[in-house]
Amino acid sequence: MSKLTVAGIGPGEADYILPAVIEKMKKAHTVIAAKRVLPILEELCQDVSDSASVLQHDSISFFAMGKIKDTLEQIGKILSEGHDVVMAVSGDPLIGIWTLSLALVPYRCSVQHSEKQWKMH
């Protein structure tokens, strides 16, 4: 089953992003984040100088967050295709999870009866 990971990236500067978050992004099919931090995340995911860091996919798709409804639809589509998504949020990831969970309630109800279901972990 595909997974949505909401990962905290601190204030959004490369020096503050934990290696575990970078590895999670490298293993994901898609990374979604605020437009201002996407270039930083793309650069970190392309840096494979560490021999233990290997991309699981030929390429990672990077998307900027948009309106909540549009972003949720995009996440749902990618997850329903069987791909993992990392949503990178600056600041406290619990705020991002809380906001996302509030927005997911009506969306979750609308996809509940689809052939391919997905869930948050």
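This is a predicted model: local features need pLDDT of at least 70, side-chain atom pairs count only at pLDDT 80 or more; totals for chains, interfaces and linings use all residues.

Visitor: Is Gly12 buried or exposed?
Guide: Gly12 counts as buried because its relative accessibility is 5%, and the cut-off for buried is under 20%.

Visitor: Which residues is Gly12 in contact with, leaving aside neighbours within four places in sequence?
Guide: Val37, Ile40 and Ser90. Ile40 sits 28 residues away along the chain, with 8.1 Å between the two C-alpha atoms.

Visitor: Switching to helix 2, which of its residues are buried?
Guide: In helix 2 (residues 38–46), those are Leu38, Leu41, Leu44 and Cys45. They span an arc of only 130 degrees around the axis, so they lie on the same side of the helix.

Visitor: And what's on the face turned away from the buried side of helix 2?
Guide: Exposed residues: Pro39, Glu43 and Gln46.

Visitor: What covers the buried residues of helix 2?
Guide: The cover includes helix 1 (19–27), strand 2 (30–33), strand 3 (61–64) and strand 4 (85–89).

Visitor: OK, cores. How many residues are in the largest nonpolar core?
Guide: It has 18 residues, and Ile9, Ile17, Met25, Val31, Leu41 and Phe62 have the most contacts inside it. Helix 2 gives the most to this core, with 4 residues.

Visitor: What does Met25 touch, not counting residues up to four places away in sequence?
Guide: Val31, Leu41, Cys45, Ile60 and Val86. There's also a second, separate core of 9 residues, with Val6, Ile75, Val85 and Val89 among them.

Conventions: Residues are numbered from 1 along each chain as its sequence is written. Side-chain values use heavy atoms; hydrogens and water are left out. Buried means under 20% relative accessible area, exposed over 50%, partly exposed in between (1.4 Å probe, protein chains only). Helices (H or I, at least four residues) and strands (E, at least two) are DSSP runs, numbered from the N terminus. The arc is that of the directions from the helix axis to the C-beta atoms. Contact means heavy atoms within 4.5 Å. A nonpolar core is a set of buried Ala, Val, Leu, Ile, Met, Phe, Trp, Tyr and Cys residues joined through side-chain atoms within 4.5 Å.
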